[in-house]
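I am opening a notebook on a structure I have not looked at before. The entries follow the order in which I looked things up.

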Amino acid sequence: MFQEWRQEAKKNGHLNPDALVFATANRQGRVTARTVLLRRLESDGFVIMTDRRGRKARDLAECPEASIVFYWSYLKDGELIHLQVRAEGAVVELEPHQYQDLYDSEPVVCKIRSHLCTQGAQVEDWEEYKARHDELLQQWRQGLNTLPMPDHFVAYKLIPDVMDFFYASGMNIGDRRLFVWDKELKQWTYKRIQA
């Protein structure tokens, strides 16, 4: 169902159907959310990438659970369509060999950022910071730096045990379907819930 909805959003002109809100909490229960990109959809979960020195990684080290939300809105046959998918579950850190291909396929601007930035750290001197960026870009252009995957680059997979699908169009009542993974039965249970 997720794949169908994502493809429908792509087909109908949603500009970035892989953008999602990723929410984590630390052990004190302080929640934070940010927008990231879905880097790969696997049969058992959603893969995102980040800097292991940032807050997401610190939160996940303390509380390896997260929630993600996709929201797609587009016009279809003159009617405004709203789709939202929410997933919750355990998050596992992947091994570097499991996401090297993702890093390799990143645009150069993202690779430079992974070498330059310590996610969330204060910039003390903007001009120096920008000059370092320009230096890395120049080195890459001249073939002097291939920007290999740094050790702090990491990928995580959220393995959902709850998925909530919401659909609304025009003035129609919203249709919301909740799927919960039953560990004993090893299958998804499903019910419609009020929006």
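**Entry 1. Overall layout**

How many helices and strands are there in the chain? I counted 5 helices and 9 strands. I note at the outset that the model is predicted. Starting at the N terminus, I read the order of elements as α-β-β-β-β-α-β-β-α-α-α-β-β-β.

I then looked up the extent of the chain. Along the principal axes, its C-alpha atoms fill a box of roughly 55 × 45 × 30 Å. The chain has 195 residues, and 39% of them are buried. The exposed surface comes to about 11900 Å², with 51% of it supplied by carbon and sulfur atoms. I also looked at contacts between residues at least 6 apart in sequence: 61% of these join residues at least 24 apart.

**Entry 2. The nonpolar core**

Which residues touch the most other members of the largest nonpolar core? I found F2, F46 and F70, in a core of 42 residues. Strand β7, residues 153-169, gives the most to this core, namely 7 residues. As general background, I wrote down that nonpolar side chains tend to be buried together in soluble globular proteins.

Setting aside neighbours within four places in sequence, I listed its contacts as L38, L41, F46, F70, W72, V85, M163 and F165.

V85 was on that list, and I looked it up next. V85 sits in strand β6, residues 79-93. Is V85 buried or exposed? Its relative accessible area is 1%, and V85 therefore counts as buried, the cut-off being under 20%. Not counting residues up to four places away in sequence, V85 touches F2, W5, I68, V69, F70, W72, M163, D164 and F165. I also checked V85 against R141: they are 56 residues apart in sequence, and their C-alpha atoms are 40 Å apart in space.

**Entry 3. The largest pocket**

I turned to the open spaces. The largest pocket holds about 420 Å³ of space. It is lined by 19 residues, of which S43, D44, P160, M163 and W188 are the closest to its centre. At least two lining residues each come from α1 (2-11), β3 (40-42), β4 (45-51), β7 and β8 (175-182). β7 gives the most to this lining, with 5 residues. Sorted by class, I have 12 nonpolar, 3 polar and 4 charged residues in the lining of the largest pocket.

**Entry 4. The second largest pocket**

The second largest pocket holds about 360 Å³. Which of its 17 lining residues are the closest to its centre? I noted M49, T50, D51, R113 and Q119. β2 (31-37), β4 and α4 (108-116) each supply at least two residues of this lining, and the largest share, 4 residues, comes from β2.

**Entry 5. Two positive phi values**

Last, I looked up two backbone angles. D77 is not a glycine, yet its phi is positive, at about 50°. D77 lies in the loop between β5 (65-76) and β6. With a relative accessible area of 78%, D77 is exposed.

L147, also a residue other than glycine, has a positive phi near 55°. I placed L147 in the loop between α5 (126-141) and β7. Is L147 buried or exposed? L147 counts as buried, at 1% relative accessibility.

Notes. Residues numbered from 1 in each chain as written. Predicted model: local features only at pLDDT ≥ 70, side-chain atom pairs only at ≥ 80, totals over all residues. Heavy atoms only, no water. Core = buried A, V, L, I, M, F, W, Y, C linked by side-chain atoms within 4.5 Å. Buried < 20%, exposed > 50% of the residue type's maximum accessible area, 1.4 Å probe, protein only. Contact = heavy atoms within 4.5 Å. 1 Å grid on protein atoms, 1.4 Å probe; cavity = no way out; pocket = protein on both sides within 12 Å on 5 of 7 lines; lining within 4 Å. Points joined across faces, edges and corners; volume = space filled by probe spheres on them. Nonpolar A, V, L, I, M, F, W, Y, C, P; charged D, E, K, R; others polar. Areas by Shrake-Rupley, 256 points an atom, 1.4 Å probe, with all protein chains shown as cover.
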